[in-house]
Amino acid sequence: MAETKTAVGVPVSSPWSGGGSPFAINSKKFGMWLFIISDTLTFSVLLLAYSYSRLANPNWPRPFEIYPAIAKSTSMTLILLASSLTMVLGVAAAHRNDRAKTVRWLLLTALGGVAFTVLHLTEWVNLFHEGYTPWSTPQGVPLFGATFFGITGLHMTHVSIGVIYLIIMSIGYGRGKFTSDDVEVSGLYWHFVDLVWMFVFPMIYLMSVSLKG
Amino acid sequence: MSAHESGSEVHAVGSTKLFVMVWIWLAVITFIEVFLAYERLQPSLMLTLLVVLSLVKSALIVSYFMHLKYEKIGLTLLLIPAAIFCICMIIIFFMPDGARLLQMRLTQ
């Protein structure tokens with residue numbers, strides 16, 4: 001690489017710092033991409049196993065009423081999408097070296113994550129009250145409970161970790177400890193969490209909407 | 001907060017206007033999915049349609065929000081085929097027995 005700076009603005013000081021050959025991205029970002037691919041496989045396996053159970057059981061429970069479950073999960077989807085939007089705006093602000101604005105966007109993104117988790121937990125509590133647990137359902141289809149709580153629980157863990165990650169990032173970036181590239185890497189993680197929900201929401205919620213009347 | 005985010009501001013990774021457009025599309029596809037959920041379709045057909053729409057959404061997220069579209073093409077060629085290959089391997093190992101068990105259940 002003849003140039004001293006790459007497209008992402010990383011000075012090429014040693015072969016280990018990345019930013020040059022072969023992908024012109026820094027090593028942290030490449031590491032995050034590899035993590036994302038491996039995490040994709042984790043969720044793919046769970047969703048494939050779920051899809052099989054869903055299609056193999058004609059009497060699969062359909063507990064999700066329009067209100068509250070579907071209304072709530074649709075707004076959760078929109079909140080998560082909106083938090084992805086604030087995240088890209090945060091990354092764009094970080095690349096303009098606008099520290100104050102970046103911190104604000106990052107905290108707003110984290111707030112979206114918190115709102116998502118709180119709504120999701122109230123949704124879980126609702127289901128507990130209706131008799132759905134990770135090991136049983138009123139209809140006697142324990143696989144529903146296992147897959148629903150397993151997959152949404154793993155996703156919720158990712159959201160919670162993301163919120164912590166973003167808060168640490170906003171504090172660190174505000175103090176000048178992290179660079180705009182680090183903000184971008186945290187953005188990749190956050191968008192991935194959003195992406196996973198784009199599969200979990202239709203495959204789990206929308207496949208089990210209550211169809212009465 | 002958004003007063004300064006004018007649409008004319010074009011950065012190497014895309015403009016605010018583009019991100020908002022992508023967001024609107026993602027929201028529209030979400031509403032299509034919710035609408036579809038109340039059509040009484042065969043579960044397998046429904047699942048296929050929902051997964052296809054979700055794949056469109058994830059393609060939008062990956063290309064614009066994670067701006068893979070603006071990275072070197074080599075990164076895309078490394079990551080996406082690897083993921084697709086592994087998922088295909090999972091299906092190849094999982095489906096034959098899955099289909100057989102289903103058949104056994106139906107003939108009982």
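Predicted model: local features only at pLDDT ≥ 70, side-chain atom pairs only at ≥ 80, totals over all residues.
Let me begin with Met66(B), which, setting aside neighbours within four places in sequence, is in contact with Trp33(A), Ile36(A), Leu188(A), His191(A), Phe192(A), Leu195(A) and Ile61(B).

As general background, in soluble globular proteins nonpolar side chains tend to be buried together.

The C-alpha trace of chain A spans about 65 × 35 × 25 Å along its principal axes. Chain A has 213 residues, and 56% of them count as buried. Taking the contacts in chain A between residues at least 6 apart in sequence, 71% join residues at least 24 apart. The accessible surface of chain A amounts to about 8600 Å², and 69% of that area belongs to carbon and sulfur atoms.

I now turn to charge. Chain A carries 13 positive and 10 negative side chains, with the centres of the two sets 5 Å apart. Over all chains, the structure holds 5 salt bridges. In general terms, side chains of opposite charge can pair when their charged atoms come close.

One of these salt bridges joins Glu184(A) to Lys29(A), with 2.6 Å between the closest N and O atoms. Because Glu184(A) lies in helix H5 (residues 180-205) of chain A and Lys29(A) in helix H1 (residues 27-56) of chain A, the pair ties together parts that are 155 residues apart in sequence. Are Glu184(A) and Lys29(A) buried or exposed? Both are buried.

Lys29(A) has another partner, Glu71(B), and in that salt bridge the closest N and O atoms are 2.5 Å apart. This pair crosses between chains: Glu71(B) sits in the loop between helix H2 (43-65) and helix H3 (73-107) of chain B, whereas Lys29(A) is in helix H1 of chain A. Glu71(B) has a relative accessible area of 11% and is therefore buried. For Lys29(A) the relative accessible area is 1%, so this residue is buried as well. Taken together, Lys29(A), Glu184(A) and Glu71(B) are linked in a network of salt bridges.

Lys57(B) belongs to helix H2 of chain B and Glu33(B) to helix H1 (residues 16-37) of chain B; the two are 24 residues apart, and the pair links distant parts of the chain. Lys57(B) is buried, with a relative accessible area of 0%. Glu33(B) is likewise buried, its relative accessible area being 0%.

To close, I would draw attention to two places in the model. One is Met66(B), in contact with residues of chain A including Trp33(A) and Phe192(A). The other is Lys29(A), linked with Glu184(A) and Glu71(B) in a salt-bridge network.

Technical notes. Residues numbered from 1 in each chain as written. Chains lettered and ligands numbered in written order. Heavy atoms only, no water. Buried < 20%, exposed > 50% of the residue type's maximum accessible area, 1.4 Å probe, protein only. Contact = heavy atoms within 4.5 Å. Areas by Shrake-Rupley, 256 points an atom, 1.4 Å probe, with all protein chains shown as cover. Lys, Arg positive; Asp, Glu negative; His and termini not counted. Charge placed at Lys NZ, Arg CZ, Asp CG, Glu CD. Salt bridge = Lys/Arg side-chain N within 4 Å of Asp/Glu carboxyl O. Helix = DSSP H or I, 4+ residues; strand = E, 2+ residues; numbered from the N terminus.
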